[in-house]
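Here are some notes for a colleague who is opening this structure for the first time. Please read them with the sequence and the model at hand.

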Amino acid sequence: MSKDSKMRATINQKLTEMGERERLKELLRAKLTECGWRDQLKAHCKDVIKEKGLEHVTVEDLVVEITPKGRVLVPDSVKKELLQRIRAFLAQHAT
Amino acid sequence: MSPAGCSHVNAYKVDNWRQNLRVIYQCFVWSGSAEARRRKVLQNDVRWTALAKSCICHMCGAHLNRLHSCLSCVFFGCFTKKHIHEHAKNKRHNLAIDLLYGGIYCFVCQDYIYDKEMEQIAKEEQRKAWKLQGVGEKYSTWEPTKRELELLRHNPKRRKITTNCTIGLRGLINLGNTCFMNCIVQALTHTPLLRDFFLSDRHKCEMQSNSCLVCEMSQLFQEFYSGHRWPHIPFRLLHLVWTHARHLAGYEQQDAHEFLIAALDVLHRHCKGDTTRDDNGKKANNPNHCSCIIDQIFTGGLQSDVTCQVCHGVSTTIDPFWDISLDLPGSSTPFWPLSPGGDGSTVNGESHLSGATTLTDCLRRFTRPEHLGSSAKIKCGGCHSYQESTKQLTMKKLPIVACFHLKRFEHSAKLRRKITTYVSFPLELDMTPFIASSKESRMNGQYQQTVEVLNNDNKYSLFAVVNHQGTLESGHYTSFIRQHKDQWFKCDDAIITKASIKDVLDSEGYLLFYHKQFLEYE
């Protein structure tokens, strides 16, 4: 495992243990709903389903179609805010 | 992809599969922290302890990449990197669970499957986890029961609400100077929460006679949302109002504000059948804690702080209110001069053109500390003597629907007149500066918030305006109400016409109805 992914795992463990991961998830959910991201992707899902046909579409089809679009559509302000929160948390709980 | 699950789960549904599945949900899907997980695992099954210390892929150690857990053994693998797929092929374990969302994947069908029994278990475990985390109930979409499906099949007529449909709009015949009543009826039938209460048939009448005003309101809502386009004649409502609020009887023009308060009072009294019951099934009889729909929607708490000027001790009382009556400039009550909020500044989206009074100005004046003067000394509990004091009103509890009453009718001993000063009011209102013990309310609204407040709990939207044209002696009431988020209509007794937002905001304004933008579960 590379140094990068090792650090990621450590940070993730710390966040999970202190319940911060859940809090950040809730915050992110709220922010993404507020800015319309969720509705945009919901509409895109419907388009994909229409295209592939309701009987034949799989969850994997949707994941492949939605994931890149979803990543791109996250507003910078949301990214910044989450990053700030994580930084602040780590600064507070540094070992 | 079938909602009836797939045949491959049958191989899994043997022995103690239900309990095993529950353990997986409790420990790995819905659990909060690694510690909680460790504890649960130790409680349930020792076999899992060693391998299940943390949720990472057994092949590459990553925790992202859509981690899945095998249902037949203790193995975690990435979905994206296909590690779990390899495991499934090698061991012929056909089922895996997505640790992020709890979905069950079948490697033979190559898709997520939805088995009724497994879904049921998943839902139960999720609810349990939310309860443990202190989240309580979260919103979940409605799924009809068997009985409800039956009812829907037997009643096939459906009414579709499109953005242009006029359902909910209905004119009201004037029965002789009853425009004061018509306006309030328009405002009430367009109060979203009240509409939802009545249209979902939540009133259980316990009155023996036929004179229940709440039942009549229920009927009124049925009339308004029936789709009929001809005006409704509210003669039964008028008769009930005369019966229960004698002071409003007669064919003279009455005050719409007085009618609003009287109507809310009668509705509140007649709602006794709908008050919630406590755990023993006994009705909550406490008059201070009524939880009828009227109180739930309209009742707020007004905090009054009296500060002794000598010892600075504060004596606080909180009184319930259904509306806020605001004095206007040009009335004979003193204390109008107010420090301006700055020229050309915009607060709450109102334009502060020099001179124009705004609703926010009136609210600031309402919540400013008032020196009670030497002739009105209050007995101070700290000093044990009569001292001069200041009094300040602030909002302790904001109601879901806030009704502002601009005191345009002056009835002092000397004169009776109508104050026609224009007061500008906004479409969206933030009540944060006026709530009790906020820094802004202490500085009387002069403190400008530089950081955007994450708390949306104090934001309101305008949804109805009642206007009065004419003089005290002869006048006419009309109202504006809001449909479908941004469509406004003018209601002039039997005549309903489309109105622009500008028409609404330029109107004089007598009663202003605001609705909270965000509602929380209790």
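1. Helices in this note are DSSP runs of at least four residues, classed H or I, and they are numbered from the N terminus. The model is a predicted one. With that numbering, B:Ile173 lies in the chain B loop that runs between helix 7 (146–154) and helix 8 (179–189).

2. Is B:Ile173 buried or exposed, or in between? Its relative accessibility is 29%, so B:Ile173 counts as partly exposed, since that class lies between the limits of 20% and 50%.

3. What does B:Ile173 touch, leaving aside residues up to four places away in sequence? Its contacts are B:Thr178, B:Asn182, B:Pro231, B:His232, B:Ile233, B:Pro234 and B:Ala494. B:Trp230 is 57 residues from B:Ile173 along the chain, and the C-alpha atoms of the two are 9.8 Å apart.

4. Helix 7 of chain B also holds B:Leu149. This leucine has a relative accessible area of 35% and is therefore partly exposed.

5. Chain A has a surface patch of another kind to look at. Which residues gather in the patch of positive charge? They are A:Arg38, A:Lys42, A:Lys46 and A:Lys50.

6. A:Lys42 counts as partly exposed because its relative accessibility is 49%, and exposed would require over 50%.

Notes
Residues are numbered from 1 along each chain as its sequence is written. Chains are lettered from A and ligands numbered from 1 in the order in which they are written. This is a predicted model: local features need pLDDT of at least 70, side-chain atom pairs count only at pLDDT 80 or more; totals for chains, interfaces and linings use all residues. Side-chain values use heavy atoms; hydrogens and water are left out. Helices (H or I, at least four residues) and strands (E, at least two) are DSSP runs, numbered from the N terminus. Buried means under 20% relative accessible area, exposed over 50%, partly exposed in between (1.4 Å probe, protein chains only). Contact means heavy atoms within 4.5 Å. Patches are made of residues with over 30% relative accessible area and no salt bridge: like charges are joined within 9 Å, nonpolar side chains (Val, Leu, Ile, Met, Phe, Trp, Tyr) within 5 Å. Accessible areas come from the Shrake-Rupley method with a 1.4 Å probe; for residues, only the protein chains shown count as cover. A salt bridge is a side-chain nitrogen of Lys or Arg within 4 Å of a carboxyl oxygen of Asp or Glu. Lys and Arg count as positive and Asp and Glu as negative; His and the chain ends are not counted. The place of a charge is taken as NZ of Lys, CZ of Arg, CG of Asp or CD of Glu.
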